[in-house]
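Please look over the sequence and structure below. A short briefing follows, grouped by topic.

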Amino acid sequence: MISRRTLIAGAATSSGLLLSGCERIGNTKAATSLLDSANDFTYTVQRSLESRGALAPEFTAAQMSPNFRTNGNTMPGSPDYARHLAANFADWALRVDGLVASPLTLSMADLKAMPARTQITQHNCVEGWTAIGKWQGTPLGLILKRAQILPQARFIVFHCADDFWGHNYYESVDLIDAFHPQTILAWGMNDAPVTVGHGAPLRLRVERQLGYKQAKYVMRVEAVDSLKSIQRGKGGFWEDQIDYEWYAAI
Amino acid sequence: MAINPELHGGDLVKRHRLSTRLWHWLNAFTIFVMVGSGLMIFNAHPRLYWGQYGANYETPWLEIHNDGPSHGHLRVGPMTIQTDNVLGTGRFEAFPGWATLPGGYDLAKARRWHFFFAWMLVLPWLAYLITSLFNRHIQGELAPTGDELAPKHILHDIVEHAKLRFPTGAAALHHNILQKLSYLGVLLGLIPAMILTGLTLSPGWVAAWPWLNVLFGGRASARSVHFIGMSLIVGFIVVHLLMVVLAGPINEIRSMITGKFRLPEEGSPSFVPGLIIALRSRFAPAKEPHL
């Protein structure tokens with residue numbers, strides 16, 4: 001008689017073999033592009049089902065995480081950043097360039113002088129954890145309008161002051177998310193300036209996407225028509241390095 | 001449903017519709033991939049919380065912890081279970097490589113598998129639901145009748161199952177009440193719950209349909225319900241496979257491939273008890289004391 005132990009071990013082994021078979025097929029080029037196609041399909045379905053301005057849920061102050069954990073880089077390593085930090089970001093300047101009619105250089109004071117938006121939203125990490133925090137910042141749409149974004153621009157790229165292994169962090173979004181009312185460059189978090197761990201002095205909030213899109217330490221906003229020529233061309237640091245999806249709303 | 005008096009044990013009859021057979025095998029593969037890739041995604045943060053939020057500062061109600069090369073433990077509420085060499089062990093955060101897709105830590109790949117097959121779960125499920133309403137599979141074959149729902153009847157079926165006594169003859173053509181309830185539970189309960197909790201984890205879908213977050217009480221809760229739903233589906237599959245083996249695996253699997261099912265002979269024991277009796281009489285000493 002087959003013992004229960006053998007049966008369970010047999011089931012585990014066969015499922016393991018079947019899974020590794022799947023894995024091998026999944027690693028072929030054809031299967032990879034087939035699997036990838038689901039992300040494009042979801043992007044199309046989501047964009048057609050939701051209205052452009054559909055808002056991510058907002059919460060009350062009572063629903064906020066008591067402690068909002070940090071993730072990714074929590075202290076950029078460059079001497080330049082250290083100098084800005086020592087000066088309390090007094091001369092931090094956000095460059096806005098690329099496919100815009102009038103490139104801008106905005107100081108923190110310039111940004112704070114513009115109309116601001118405050119929102120209590122949830123941070124959805126790709127790993128599965130969630131934290132709720134209050135963000136205050138300048139709507140990206142206002143900045144792009146002021147720079148007179150050109151009609152041929154299709155993506156907005158965020159260049160950051162931090163790096164991993166010498167590759168600067170960057171992220172990008174389409175124009176729908178760039179002009180979304182909740183998309184802000186945040187300088188305030190939980191009623192205080194954004195801390196270094198959370199991306200001081202400026203952090204992108206693009207609330208309908210996952211955590212890795214929320215670029216920290218933003219120093220330059222660039223309007224482009226293609227993402228191909230930036231680093232490895234996939235539109236973001238983690239997209240380039242470990243193949244996370246560019247459209248991170250799932 | 002009335003039992004057809006024309007049918008008898010031993011008859012080869014049509015059992016499963018084409019739509020049921022197609023959906024069954026597609027789903028068998030889809031759910032296999034969904035569970036494997038889902039467990040890999042879980043490994044990225046092997047902790048579950050209740051509420052709107054939940055991260056490392058919060059106390060999870062379930063966590064799998066890696067305690068070194070061959071030690072790990074699972075904690076559910078106040079209960080801790082040592083899971084050495086199975087969960088949270090070696091280089092695996094929580095679930096071991098033989099249970100995950102891919103077999104090593106690869107969140108990007110696991111998510112691609114998961115979200116491709118999510119569509120393979122959702123679209124055929126919708127198609128099957130609509131087909132099964134139109135061809136009256138749900139109303140005719142899955143919906144329990146009032147008599148079947150009587151506690152006495154359900155209890156009787158549970159006792160019969162426990163004794164491994166399954167319906168024979170024409171009665172075997174119809175689902176019994178335990179089958180009806182579990183199949184309906186999966187079709188109309190678990191699968192939609194998995195789809196909706198899955199959507200609640202996605203910031204894009206929650207923006208499109210904010211009621212999702214309200215329905216499950218937040219993303220952290222939805223993730224917990226998603227995991228519990230997965231566990232129930234795995235439990236269903238284990239029991240389902242066990243019942244297939246007990247009821248006669250060849251006949252059962254054939255009926256799900258060709259649709260043809262041989263009705264068990266009236267009064268015959270079902271497959272495994274039958275096998276045991278046959279083996280006993282083959283190998284047992286000639287003189288068996290009467291008990």
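**Sheet in chain A**

In this predicted model, an open, mixed sheet of chain A is built from 5 strands in the order E2-E1-E10-E5-E6. Strands E2 (104-107) and E6 (167-174) of chain A are the edges; each has a single partner strand, so one side of each is left without a neighbour in the sheet. The average twist from one strand to the next is 20 degrees.

- Strands E5 (residues 155-164) and E10 (residues 218-224) of chain A are antiparallel partners, paired over 6 bridges.
- A:Cys160 has A:Val218 in E10(A) as its bridge partner.
- Strands are DSSP runs of E with at least two residues, helices are DSSP runs of H or I with at least four, and both are numbered from the N terminus.
- Two strands count as paired if DSSP finds at least two bridges between them.

**Conventions**

- Residue numbers start from 1 along each chain as its sequence is written, while chains are lettered from A and ligands numbered from 1 in the order in which they are written.
- Because the model is predicted, local features need pLDDT of at least 70 and side-chain atom pairs count only at pLDDT 80 or more, whereas totals for chains, interfaces and linings use all residues.

**Nonpolar cores**

- The largest nonpolar core has 75 residues.
- Those with the most contacts inside this core are A:Leu94, A:Phe158, A:Cys160, A:Leu185 and A:Val218.
- Leaving out residues up to four places away in sequence, A:Cys160 touches A:Asn168, A:Tyr169, A:Tyr170, A:Ala215, A:Lys216, A:Tyr217, A:Val218 and A:Met219.
- A second, separate core has 10 residues, among them B:Trp205, B:Ala207, B:Ala208 and B:Phe216.
- A nonpolar core is a set of buried Ala, Val, Leu, Ile, Met, Phe, Trp, Tyr and Cys residues joined through C-beta atoms within 7 Å.
- Buried means 20 or more other C-beta atoms within 10 Å of a residue's own, exposed means 12 or fewer, and partly exposed is in between, with C-beta atoms placed from the backbone.

**Contact between the chains**

- Chain A gives 45 residues to the contact, and chain B gives 36.
- On the chain A side, H1 (4-26), H2 (29-49), E3 (117-124) and E4 (130-139) each supply at least two residues.
- By class, that side of chain A has 23 nonpolar, 14 polar and 8 charged residues.
- Contact means that the C-beta atoms of two residues, placed from the backbone, lie within 7 Å.
- Ala, Val, Leu, Ile, Met, Phe, Trp, Tyr, Cys and Pro count as nonpolar, Asp, Glu, Lys and Arg as charged, and the others, Gly among them, as polar.

**Domains**

- Chain A is split into domain 1 (4-46) and domain 2 (56-242).
- The C-alpha centres of these two domains of chain A are 35 Å apart.
- Chain B has domain 1 (12-17 + 135-283) and domain 2 (48-92).
- In chain B, 30 Å separate the C-alpha centres of the two domains.
- Their contact takes 8 residues from domain 1 of chain B and 7 residues from domain 2 of chain B.
- Domain bounds come from an automatic or database domain assignment.

**Chain B**

- Chain B contains 10 helices and 6 strands.
- Of its 291 residues, 31% count as buried.
- The C-alpha trace of chain B spans about 65 × 55 × 35 Å along its principal axes.
- An open antiparallel sheet of chain B has 4 strands in the order E2-E3-E4-E5.
- Its edge strands are E2 (47-48) and E5 (79-82) of chain B, each with a single partner strand.
- E3 (residues 62-66) and E4 (residues 72-76) of chain B are joined by 5 bridges, and B:Glu63 has B:Arg75 in E4(B) as its bridge partner.
- Helices H8 (residues 219-247) and H9 (residues 249-257) of chain B pack at about 115 degrees, with axes 6 Å apart.
- At this contact, B:Val244, B:Val245 and B:Ala247 meet B:Pro249, B:Glu252 and B:Ile253.
- Axes are lines fitted to C-alpha atoms, for helices over the stretch in contact, and angles run from 0 to 180 degrees between N-to-C directions.

**Backbone exceptions**

- Most residues other than glycine have a negative phi, and most peptide bonds are trans.
- The peptide bond from A:Ala200 to A:Pro201 is cis, with omega near 0 degrees.
- B:Leu101 and B:Pro102 are also joined by a cis peptide bond, with omega about -10 degrees.
- A:Gln148 has a positive phi of about 55 degrees and is partly exposed, with 14 other C-beta atoms within 10 Å.
- B:Arg136 has a positive phi of about 60 degrees and is exposed, with 11 other C-beta atoms within 10 Å.
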